[in-house]
Amino acid sequence: MSANINNIPLNPVLDKTYEILEHVIAAVSKVCPDVFIHFGGDEVVRSCWKQDARITQWMQKRGWTDYDELVGYFVSRLEPIYRKYRKTMVAWEELLLSYGNHHPLAKGTVVQAWRSKQSLGQIIGSGYHALLSSGWYLDKQKPGNSTFYLWGDTWESFYANDPTAGMGFTREQESRLLGGEAAIWGEHVDATNIETRVFPRVLGTAERLWSQASNTQNVDQARERLIFARCHVLVRRDIQAFPIRPDYCDAVERHY
């Protein structure tokens, strides 16, 4: 049995699939004025397609043998739909780096790198706008190259993750890096711990993305800002933020 088999993909050979998708995109467009829609595209499980005789027959009629071609075909059918509603696709890196040879992504697509900064380099080097998530996964105890004594201390790795450092981007290439996104997998979080996992660690990512490139990554100075923000911004709003260090916070005292 293939791994990740519970992630069943849509059937890309049915016209009905695209009719439903258009209804979804139309509904989303009415309530969300944003130009961007994230269509995913990571970790597509092709084994379900291989087990469907109808899909196999459909491919055989076209002389296709590589199930990865179905991903490209799906994107080609999806593209005119979201363009009709004047939306821009955001997609995970696989749609470009793994399946893009079967159907090149529209140049306006924003591609999100999650596996590595090398992926980010490939995306920008291919002429696409990019987002970075690699190095900013909040579910990881070791998001970067350092191991920390406390879970909360990992904010330092997020803060140190400069998207452009060592990448050799030209100024024009850097302009295609739109920003980044901190992410968290939900398997081991629920209402009892999600706030302590996310806050204030996510502020390390915010510090990096919202700081000038000339910022020298002074961790000690950033720590003082996070301590203040944790107490006077987060805790005062009843967010159960992880303490950056043993410290007095009068907002905590008022809650008990």
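**Close-up views of a predicted model**

**Figure 1. Glutamate 224 forms a salt bridge with arginine 245, their closest N and O atoms being 3.0 Å apart.** A salt bridge is a side-chain nitrogen of Lys or Arg within 4 Å of a carboxyl oxygen of Asp or Glu. Glutamate 224 belongs to helix α11 and arginine 245 to the loop between α11 and α12 (250-254), so that the pair, 21 residues apart, links distant parts of the chain. Helices (H or I, at least four residues) and strands (E, at least two) are DSSP runs, numbered from the N terminus. Glutamate 224 is partly exposed, with a relative accessible area of 40%, and arginine 245 is partly exposed at 35%. Buried means under 20% relative accessible area, exposed over 50%, and partly exposed in between (1.4 Å probe, protein chains only). This is a predicted model, in which local features need pLDDT of at least 70 and side-chain atom pairs count only at pLDDT 80 or more, while totals for chains, interfaces and linings use all residues. Residues are numbered from 1 along each chain as its sequence is written, and side-chain values use heavy atoms, with hydrogens and water left out.

**Figure 2. The side chains of aspartate 250 and arginine 236 meet in a salt bridge of 3.2 Å, N to O.** Because aspartate 250 lies in helix α12 and arginine 236 in the loop between α11 and α12, the pair ties together parts 14 residues apart in sequence. Aspartate 250 is partly exposed, at 26% relative accessibility.

**Figure 3. Aspartate 220 forms a salt bridge with arginine 223.** The closest N and O atoms are 2.9 Å apart. Both residues lie in helix α11 (residues 219-234), 3 residues apart, which separates them by about one helical turn. Arginine 223 counts as buried, at 19% relative accessibility. Salt bridges that share partners join Glu156, Asp220 and Arg223 into one network.

**Figure 4. Leu70, Leu95, Leu105 and Leu120 touch the most other members of the largest nonpolar core, which has 41 residues.** Such a core is a set of buried Ala, Val, Leu, Ile, Met, Phe, Trp, Tyr and Cys residues joined through side-chain atoms within 4.5 Å. Helix α4 gives the most to this core, with 8 residues. Beyond its neighbours within four places in sequence, leucine 120 is in contact (heavy atoms within 4.5 Å) with residues including Ala113, Pro163 and Phe169.

**Figure 5. Valine 13 is found in the segment before α1.** Valine 13 is buried, with a relative accessible area of 12%. Leaving aside neighbours within four places in sequence, valine 13 is in contact with Ile55, Trp58 and Leu70.
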